[in-house]
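Dear colleague,

Please find the structure below, handed over for your use. My notes on it come after the display.

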Amino acid sequence: MKCPFCSHPDTQVAETRVSEDGALVRRRRRCAACDKRFTTYERPEVSFPAIVKKDGRRVEYDRAKLLGSFQLALRKRPVSTVQIDSAIERIEEKLLNLGQREMLSSTLGELVMRELQKLDKVAYVRFASVYRSFEDVHEFRALVDEVGK
């Protein structure tokens, strides 16, 4: 692996650890040229379904976009990155278990809402208010009342 500091192609693995759930390998590496250390993460490459948008476009599943949605909804909320990563992994597991080649973006949005509802009620309301594009305050109030039960 190429060094991110000096771009030297020769790096050595100093330490390897497997994550608790076994889904990820963390490696500490050292550059043979500049002697700086850095961390890499390895995860198995799997084929997720294409996401079919409302306008009919098909886009590749993007974990970074999903993470961004979670982070935006959970901004300034007491939820750890470990909890967010676990929620995303549960969603990805569901995507793979469905075995479909394509999935509607609305289906993915519903999976996100279910996970957010478990993590944080405020984040759930934030996400749902944008995702469902409420037309008036009555729809918003109905959602808040539903969450409050």
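The following paragraphs set out what was found, beginning with the basis of the values.

This is a predicted model, in which local features need pLDDT of at least 70 and side-chain atom pairs count only at pLDDT 80 or more, while totals for chains, interfaces and linings use all residues. Residues are numbered from 1 along each chain as its sequence is written, and side-chain values use heavy atoms, with hydrogens and water left out.

The sheet

Three strands form an open, antiparallel sheet in the order S1-S2-S3. Strands here are DSSP runs (E, at least two residues), as helices are (H or I, at least four), and both are numbered from the N terminus; two strands pair if DSSP finds at least two bridges between them. Strand S1 (11–18) and strand S3 (37–42) are the edge strands, each pairing on one side only. From one strand to the next, the twist averages 25 degrees, with axes taken as lines fitted to C-alpha atoms, for helices over the stretch in contact, and angles running from 0 to 180 degrees between N-to-C directions.

Seven bridges join S1 to strand S2 (residues 25–31) in the antiparallel sense. Val 13 has Arg 29 in S2 as its bridge partner, and Arg 17 stands opposite Arg 26 in S2. The hairpin of S1 and S2 has six residues between the strands, and Gly 22 in this hairpin takes a positive phi near 80 degrees.

S2 and S3 also run antiparallel, joined by six bridges. Here Arg 30 stands opposite Arg 37 in S3. Five residues lie between the strands in the hairpin of S2 and S3, where Asp 35 has a positive phi near 65 degrees.

The aromatic pairs

How many aromatic pairs does a search of the whole structure find? It finds two. Rings of Phe, Tyr and Trp (its six-membered ring) pair if their centres lie within 6.5 Å; planes under 30 degrees apart count as stacked, over 60 as edge-to-face and the rest as tilted.

Phe 5 is partly exposed at 47% relative accessibility, whereas Phe 38 is buried at 8%; buried means under 20% relative accessible area, exposed over 50%, and partly exposed in between (1.4 Å probe, protein chains only).

Phe 48 and Tyr 61 form a tilted pair, because their ring centres are 4.5 Å apart and their planes are at 40 degrees. Phe 48 is in the loop between S3 and strand S4 (50–52), and Tyr 61, 13 residues away, is in the loop between strand S5 (58–59) and helix H1 (63–73). Phe 48 is partly exposed, with a relative accessible area of 23%, while Tyr 61 is buried at 12%.

A charge over a ring

The charged end of Lys 36 sits over the ring of Phe 5, 5.1 Å from its centre. For this term, NZ of Lys or CZ of Arg must be within 6 Å of the ring centre and within 35 degrees of the ring normal.

With kind regards
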